[in-house]
Each structure stands twice: as structure tokens, then as C-alpha cells.
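Reader: Please take me through the links between side chains in this model, with the cut-offs behind each term.

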Amino acid sequence: MSITAFARRSAYAAVPLAALSAALAFSASTPAAAQRALFTEETAGAFWAPTHECAEGGPVQGTLLVQTTRLFESPDRDDANPTVRVQFLAVCPDGRSFSWAAGSLPATLTSTEDLRSVTASGAGVARDNLGGTHQISFDVAWTGVGPLEVDRPAPGSMRKEREATATGQVIFDGEAIVDGPNNHPTREAPFIRVDTER
């Protein structure tokens, strides 16, 4: 066999070998590439019914929500900056409303992996619908009481949720407007929830 023919045959053999090597390299890296990060959102929420004194018409029942949020993406296993939303609404007999909210207050959160408990505490400034600002603080604990419910609404996503009880204190301008268990008669029961999605 001439040197030229040998070189040509070697070149033909190299092409399938190179293609096979590339395919093997791709198939080896595909699972890692396809493995997307896991995004996790943990939430606990509860409603109370504090009394609001209207300028005209006397006291009315208000609605107060305290809801935690912890967000993180793998490989992280915790949120370095968890937050709590605290908001209030009352509608007076004359139709006028008073509301205030603190959308994402820095908070200290602790929780268990099995959705058995969450605690949240912190403080900050809330703004009302009349242009005022107010100092608020909160210290609330959730305890899971219901069975763990699991839902998979779409491929790669999952929700775990447990009904809970909640108790705690919310201070508004130096006055405790909530001090005890959740007590809103019509809003959903307290919950602890974890949503994950790839």
C-alpha cells in the first residue's frame, strides 16, 4: 500500500472516530446541561381581624395580613434576605377606607423542612393610603396542624402545603393591634407552603 493510500484510509477512519468521540462527549455532558437549577419559594401566611376606629361611624373590623417570603435557587439552601409583607385594610360605614402596607420588610425567619413550623420577626416602616408613614413591628409563629398536601401542577414544579395555626403580635405606632392567635372569620386559614420549580 502506498503512503498516499495509507494516509487517505487513515483520514477516512479518523472522521467516524472524531464523530463518535464528539457524540460521547455530548451525551456525557447532556444530563449536567439539562439539569436546571431548582428554584424554591417558601411562604407562610395568616389573617387577623383587628378593630379600626373610624373618624365617623365607630369601630369596624379590619383585615390584617402577615406573610413571609423566602426565595433561593440551588445550590443555595437558604435566602440571605428573607422578607415579610404586613398589610391592613378597613372600610368605614361612610365608604371611606384606611389602609397601610409594608411590602417587603427585612425579617428573621426560621422554619423546619417538613413544614411543621415557621417563625418571623422584624420591624420597619409602613405607608398608608393618606400619605402617612408608621412604625410597625411583628413577631409571629406558625405551627402546621394539617396533613402535608402535595401537588404537581406542571412538569418540573411541585407545591407542598400544610394548614397551620398562627399566633403573634403586630405593633402599629407603638400600639399592639394584634396580640394572639389568628382570628379572621372569613379569610383562608393560616398556611405554610413551599413551591419548587426547575
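This is a predicted model: local features need pLDDT of at least 70, side-chain atom pairs count only at pLDDT 80 or more; totals for chains, interfaces and linings use all residues.

Author: Residues are numbered from 1 along each chain as its sequence is written, and side-chain values use heavy atoms, with hydrogens and water left out.

Reader: Which residue forms a disulfide with Cys54?

Author: A disulfide is taken to be a pair of cysteine sulfur atoms within 2.5 Å, and by this rule the count comes to one. Its two sulfur atoms lie 2.1 Å apart, and the angle of -95° about the S-S bond makes the link left-handed. The partner of Cys54 is Cys92.

Reader: How many residues apart in sequence are the parts that this pair ties together?

Author: Strands here are DSSP runs (E, at least two residues), numbered from the N terminus. Cys54 sits in the loop between strand E2 (51–53) and strand E3 (59–61), while Cys92 sits in the loop between strand E5 (83–91) and strand E6 (97–111), so the parts tied together are separated in sequence by 38 residues.

Reader: Is Cys92 buried or exposed?

Author: Buried means under 20% relative accessible area and exposed means over 50%, with partly exposed in between (1.4 Å probe, protein chains only). Cys54, at 6%, is buried. Cys92 has a relative accessibility of 11%, so this residue too counts as buried.

Reader: What is the distance between the closest N and O atoms in the salt bridge of Asp78 with Arg70?

Author: A salt bridge requires a side-chain nitrogen of Lys or Arg within 4 Å of a carboxyl oxygen of Asp or Glu, and by this rule the count comes to six. Asp78 is partly exposed at 44%, whereas Arg70 is buried at 6%. Between Asp78 and Arg70, the closest N and O atoms are separated by 2.7 Å.

Reader: Which residue is linked with Arg70 and Asp78 in a network of salt bridges?

Author: The residue in question lies in strand E1 (residues 39–48) and is buried, with a relative accessible area of 10%. The residue linked with Arg70 and Asp78 in this network is Glu42.

Reader: Which side chain does a polar contact of 3.0 Å join to that of Glu42?

Author: A polar contact is a pair of N or O atoms within 3.5 Å; within protein, one must be able to donate a hydrogen and the other to accept it, and residues adjacent in sequence count only if both atoms are side-chain atoms. The side chain joined to Glu42 in this way is that of Ser111.

Definitions and conventions:
Helices (H or I, at least four residues) and strands (E, at least two) are DSSP runs, numbered from the N terminus.
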